[in-house]
Amino acid sequence: MKIAEKKSITLTVNGESHHLEVLPWVSLLDALRERINLTGTKKGCDHGQCGACTVLIDGKRVLSCLSLAVMKENTEITTVEGIAKNGELHPIQQAFIDHDAFQCGYCTPGQICSAIGLLNENKANTREEVQDLMSGNLCRCGANRGIINAVMAVKENAPYE
Amino acid sequence: MHLMNNFDFTKVTDVESAISSTQKSKGNKIIAGGTNILDLMKYFVTEAETLIDINSIPGIDNITELPDGGIRIGALMTNADTAYHPVVEEKYPLLSKAILAGASAQIRNMATNGGNLLQRTRCYYFYDINTPCNKREPGSGCSAITGYNRIHAILGHNENCIAVFPSDMCVALAALEAVVNVSGPNGERQIEFSDFHRLPGNTPEIDNNLEQGEIITGIELPEKGFSKNYSYLKLRDRASYSFALVSVATGLELENNIIKEARIALGGVAHKPWRVKEAEDFLVDKKANRENFSAAADMILKGAIGFEHNSFKIDLAKRAIIRNCMMALNPESQRPGAKPSL
């Protein structure tokens with residue numbers, strides 16, 4: 001049985017270039033966690049059903065478990081490690097602290113990246129719309145109310161960005 | 001023996017190369033957004049020798065306005081970009097709402113229109129390679145008929161397969177009478193939306209009428225978008241991020257309160273979006289009221305047969321049709337997640 005060859009790729013993550021040799025079926029999630037040692041992004045289900053693996057690619061929120069590393073060259077990938085700037089928390093991160101938006105913290109990196117993606121999209125207006133547009137991120141601890149409160153708090157302080 | 005999944009990877013930059021790779025071998029499979037094919041591969045339901053990345057093919061990721069007043073939506077455009085495109089929001093809001101009822105924001109940012117048409121059923125037994133499934137392995141049997149069949153079909157099924165086609169976008173495309181633009185080894189062709197997806201028949205392993213080597217390049221919508229009176233309703237076990245038990249797309253053209261044209265398509269109930277022209281024709285020149293929508297609903301659900309865990313869908317679908325048609329009289333009443341109007 002022929003095994004595929006590794007591909008030489010360059011991934012730009014949080015502004016830094018990483019040169020990797022990866023097999024084609026390595027997910028972006030595994031490349032981030034296992035190869036680049038950015039373990040902030042979590043593997044919740046590995047099947048695109050929980051949102052814990054959410055990262056931003058060119059400012060858009062996507063699931064890294066359903067992305068192949070070899071397909072993400074020439075993009076700007078932002079993980080939770082790249083959200084704070086110069087030691088200053090992003091408004092969403094501060095709001096998550098202020099509004100009790102996490103308990104175990106496992107879904108939290110995905111929630112934070114997803115919330116920032118939501119603000120970038122600028123489509124959610126009411127609380128009901130924010131809930132619907134954050135529904136791709138599951139929280140088994142039930143911190144959902146705090147998460148939505150945090151997002152609404154940052155929205156209400158608009159203009160964002 | 002399976003690995004997750006011992007495939008090679010290559011990129012193509014034009015339609016011809018995509019066609020020739022996929023025509024050459026069934027082991028050469030296209031990847032665009034990847035949100036369905038990678039999931040299927042992780043479960044070993046699908047495998048490939050080589051994945052062909054088509055995301056760099058130019059010219060099929062945008063919207064073109066057509067001379068007849070319609071539009072062509074590129075196959076490589078993401079579901080999110082399509083749903084939020086100003087022309088779609090204004091002229092075909094039914095399509096926008098249907099897309100936004102599906103999946104999650106992250107998935108919609110990745111998934112492409114072409115891929116949405118080609119997604120596979122989410123039948124639990126199709127996904128579990130340790131169970132008999134005629135769709136995965138013709139002749140092995142259908143585990144769902146005597147199994148847990150809550151999310152399965154009530155229309156158009158047979159003893160071979162009771163799987164449901166899960167796309168929301170396609171229910172709207174069916175109602176809008178879209179046309180699929182396809183390019184293949186024998187050139188280009190157009191497939192009427194109602195002819196794109198198949199019923200299981202004797203070939204439950206075949207979901208649609210694409211030939212090997214053909215790829216979807218675009219989806220055309222006619223000029224009529226029912227933008228004044230439309231609604232998409234999705235009923236599911238959660239308020240969001242779940243597949244439909246039953247969904248309804250309605251488009252109405254009204255003169256005062258009289259229906260001049262009606263389109264009603266159902267999702268979550270069959271192997272393809274379900275439309276019954278007889279019911280739509282019945283509504284012409286009738287008053288837009290519950291009584292007439294109810295009569296139409298009975299026609300649409302004619303012949304429905306449920307199974308141990310999904311017979312509730314028959315009555316649910318009838319009520320959903322009435323509810324959604326009433327919502328279409330006032331599209332403002334639609335709610336996020338395609339929930340019922342208050």
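## Helix H1 of chain B

What covers the buried residues of helix H1 in chain B includes strand S2 (28-31), strand S3 (50-53), strand S6 and strand S8 (215-221) of chain B. This is a predicted model: local features need pLDDT of at least 70, side-chain atom pairs count only at pLDDT 80 or more, and totals for chains, interfaces and linings use all residues. Residues are numbered from 1 along each chain as its sequence is written, chains are lettered from A and ligands numbered from 1 in the order in which they are written, and side-chain values use heavy atoms, with hydrogens and water left out.

Helix H1 spans residues 15-24 of chain B. Its buried residues are B:Val15, B:Ala18, B:Ile19, B:Ser21 and B:Thr22. Buried means under 20% relative accessible area, exposed means over 50%, and partly exposed lies in between (1.4 Å probe, protein chains only). An α-helix has 3.6 residues a turn, so residues three or four places apart point the same way. Helices (H or I, at least four residues) and strands (E, at least two) are DSSP runs, numbered from the N terminus. At the start of H1, a side-chain oxygen of B:Asp14 reaches to within 3.3 Å of the backbone nitrogen of B:Glu16.

## A buried asparagine

Where does B:Asn181 lie? B:Asn181 is in strand S6 (residues 179-184) of chain B. B:Asn181 is buried, at a relative accessible area of 8%. Leaving out residues up to four places away in sequence, B:Asn181 touches B:Arg72, B:Arg189, B:Gln190, B:Ile215, B:Ile216, B:Thr217, B:Gly218 and B:Glu220. Contact here means heavy atoms within 4.5 Å.

## Where the chains meet

The contact between the chains involves 35 residues of chain A and 35 residues of chain B. The area buried between them is about 3000 Å², and carbon and sulfur atoms give 57% of it. Buried area is the accessible area (1.4 Å probe) that two parts lose on being put together, summed over both. In chain A, A:Trp25, A:Leu66 and A:Met71 lose the most area to chain B, together 22% of what that side buries.

Polar links cross the interface too. The rule finds 13 residue pairs in polar contact there, both residues at pLDDT 80 or more. A polar contact is a pair of N or O atoms within 3.5 Å; within protein, one must be able to donate a hydrogen and the other to accept it, and residues adjacent in sequence count only if both atoms are side-chain atoms. On the side of chain A that touches chain B, strand S4 (60-63), helix H3 (108-121) and helix H4 (127-133) each supply at least two residues. That side divides into 15 nonpolar, 10 polar and 10 charged residues. Ala, Val, Leu, Ile, Met, Phe, Trp, Tyr, Cys and Pro count as nonpolar, Asp, Glu, Lys and Arg as charged, and the others, Gly among them, as polar.

## Salt bridges

Side chains of opposite charge can pair when their charged atoms come close. A salt bridge is a side-chain nitrogen of Lys or Arg within 4 Å of a carboxyl oxygen of Asp or Glu. Five cross the interface of chain A and chain B. A:Lys7 and B:Asp8 meet in a salt bridge at 2.9 Å, N to O.

Within chain A, the side chains of A:Arg61 and A:Glu121 form a salt bridge (2.8 Å, N to O). This pair links distant parts of the chain: A:Arg61 is in strand S4 and A:Glu121 in helix H3, 60 residues apart. A:Arg61 is buried at 0% relative accessibility, whereas A:Glu121 is partly exposed at 21%. A:Glu121 also touches B:Asn109.

In chain B, B:Lys135 forms a salt bridge with B:Asp207, their closest N and O atoms being 2.6 Å apart. B:Lys135 lies in the loop between helix H8 (124-127) and helix H9 (169-175), and B:Asp207 in the loop between strand S7 (187-192) and S8, so the pair ties together parts that are 72 residues apart in sequence. B:Lys135 is buried at 6%, and B:Asp207 is buried at 14%.

## Positive phi in two loops

Most residues other than glycine have a negative phi. B:Ala103 has a positive phi of about 55°. B:Ala103 sits in the loop between helix H5 (93-100) and helix H6 (105-110) of chain B. Phi of B:Asp285 is also positive, near 65°. B:Asp285 is in the loop between helix H10 (277-283) and helix H11 (290-300) of chain B, and its side chain meets that of B:Lys260 in a salt bridge (2.6 Å, N to O).
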